[in-house]
Amino acid sequence: MRIAARMGTIGTESAFEVSARARALEAEGRSIVYLQIGEPDFDTPANVRAAAKAALDAGATHYPPFAGIPTLREAIAADASARKGFPVEPYQVFVTVGGKGVMLYAILGLVDPGDEVLVPDPGYPIYESLTRFVGATPVPIPIRMSNDFRLDVDELASLITPRTRLLVINSPANPTGGVLTRGDLERIAELSIRHDLWVLADEIYGRILYDGAEHVSIASLPGMAERTIVLDGFSKTFAMTGWRMGYAIVPESLVQTYGQLIINTISGVATFAQVGAVEALVGPQDDVDAMVVEFKARRDLIVDGLNAIPGIECRRPLGAFYVFPSIAGTGLSGGELADRLLHEAGVCVLPGSAFGGLGDDHIRISYANSQANLTEALGRIRAFVEPLVAARV
Ligand SMILES: Cc1ncc(COP(=O)(O)O)c(C=O)c1O
């Protein structure tokens, strides 16, 4: 029996596979510090959990309306209108299984075989994977450390062809923590309008910002709301990864498309989980604020610690909870270093190459872990890397 040929085109997200490998080592008795997965280590806020539990007991166990329960669509529209700087109506909101659902429907709904999709490199690997899966071509947009991990808009302009259908941007970004400025976004908007492109704006880390960095949604810029799909969700902001709750904000022209795709795939997202998500948005926001304060302390701990290790150079990112240091000075590739750190030092990180061809000389570290664990990991990395670099000189 055979499987479909298209399965030969689909990629993966190596965080899940590397995690399994690390857990197998731990089961053999090894001590591992986990810095590979993009998941807050905090619990979902208590008021959110309580709301979902009460909803279960009150009978919220039936199919939801496919686009989401009205109270959640209203809460998302109000929250997005306030935070993202453009008016959002509830009918434009679609609740999906994780932010990933938004991505899947954008690519299924907008991209034909033979089209080109501009994706950040390094970038979240699923953009590229899904693009290939639908028979289209991912075109990497180089994202360089020397530019503080912001894309170069002139370079982006040079990559646009008559086949370009969709531009994916992600700010704050996984895996680099890079944040696009308002000026960058204005120039990207101008290009998108000139070339009549759809834009998928992945804003899932939009509330995890430091040092006064501003979150600008490209959809708030003139002429952009009608060509932008905003991807956002609850996983990162509210420590709700396991709830699998995300949402799309789409222009009127895509309302039918998103509805049809949801009906054909998931029929909607767990009803009681949606009630919890309403509480996440309309309830007190102190837990979110406290998480961001703690992430910032962790960012500084990891950046300072890495920069004190010879052979490693790390920028101080303005958003998300990742660093993407260059490890070129160690003499190893990111793949070799990640592998050896796991097996020889008990620290689980991802190779930069898991995020695109330009990530080869990097590793990605998620600092969504306690300061004690980060300190332990830094000690282990230093003990492994220092002799390696000393032997080179
Ligand atoms: C940039 C980016 N977009 C989307 C997602 C998917 O989020 P979710 O877990 O809500 O599907 C992730 C998860 O790591 C991410 O890093």
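Modeller: Start with I3, which is exposed because its relative accessible area is 68%. Buried means under 20% relative accessible area, exposed means over 50%, and partly exposed is in between, with a 1.4 Å probe and protein chains only. This is a predicted model, where local features need pLDDT of at least 70 and side-chain atom pairs count only at pLDDT 80 or more, while totals for chains, interfaces and linings use all residues. Residues are numbered from 1 along each chain as its sequence is written, and side-chain values use heavy atoms, with hydrogens and water left out.

Colleague: Where does I3 lie?

Modeller: I3 is in the segment before helix 1 (14-27). Helices (H or I, at least four residues) and strands (E, at least two) are DSSP runs, numbered from the N terminus.

Colleague: Which residues form a nonpolar patch on the surface?

Modeller: A patch takes residues with over 30% relative accessible area and no salt bridge; like charges are joined within 9 Å, and nonpolar side chains (Val, Leu, Ile, Met, Phe, Trp, Tyr) within 5 Å. Here the nonpolar patch consists of I3, M7 and I10, with about 290 Å² of accessible area together. Such areas come from the Shrake-Rupley method with a 1.4 Å probe, and for residues only the protein chains shown count as cover.

Colleague: How many salt bridges does a search of the whole structure find?

Modeller: Side chains of opposite charge can pair when their charged atoms come close. A salt bridge is a side-chain nitrogen of Lys or Arg within 4 Å of a carboxyl oxygen of Asp or Glu. The search finds 25 of them. In one, K84 and D232 meet at 2.7 Å, N to O. K84 lies in helix 3 (residues 70-84) and D232 in strand 7 (residues 228-233), so this pair ties together parts 148 residues apart in sequence.

Colleague: Is K84 buried or exposed?

Modeller: K84 counts as buried because its relative accessibility is 6%. D232 is also buried, at 8%.

Colleague: What separates E128 and R132 in helix 5?

Modeller: About one helical turn, because they are 4 residues apart in helix 5 (residues 125-133). E128 is partly exposed at 30% relative accessibility, and R132 is partly exposed at 39%.

Colleague: Which residues are linked in a network of salt bridges?

Modeller: The network links D211, K296, R299, D300, D304 and R316.
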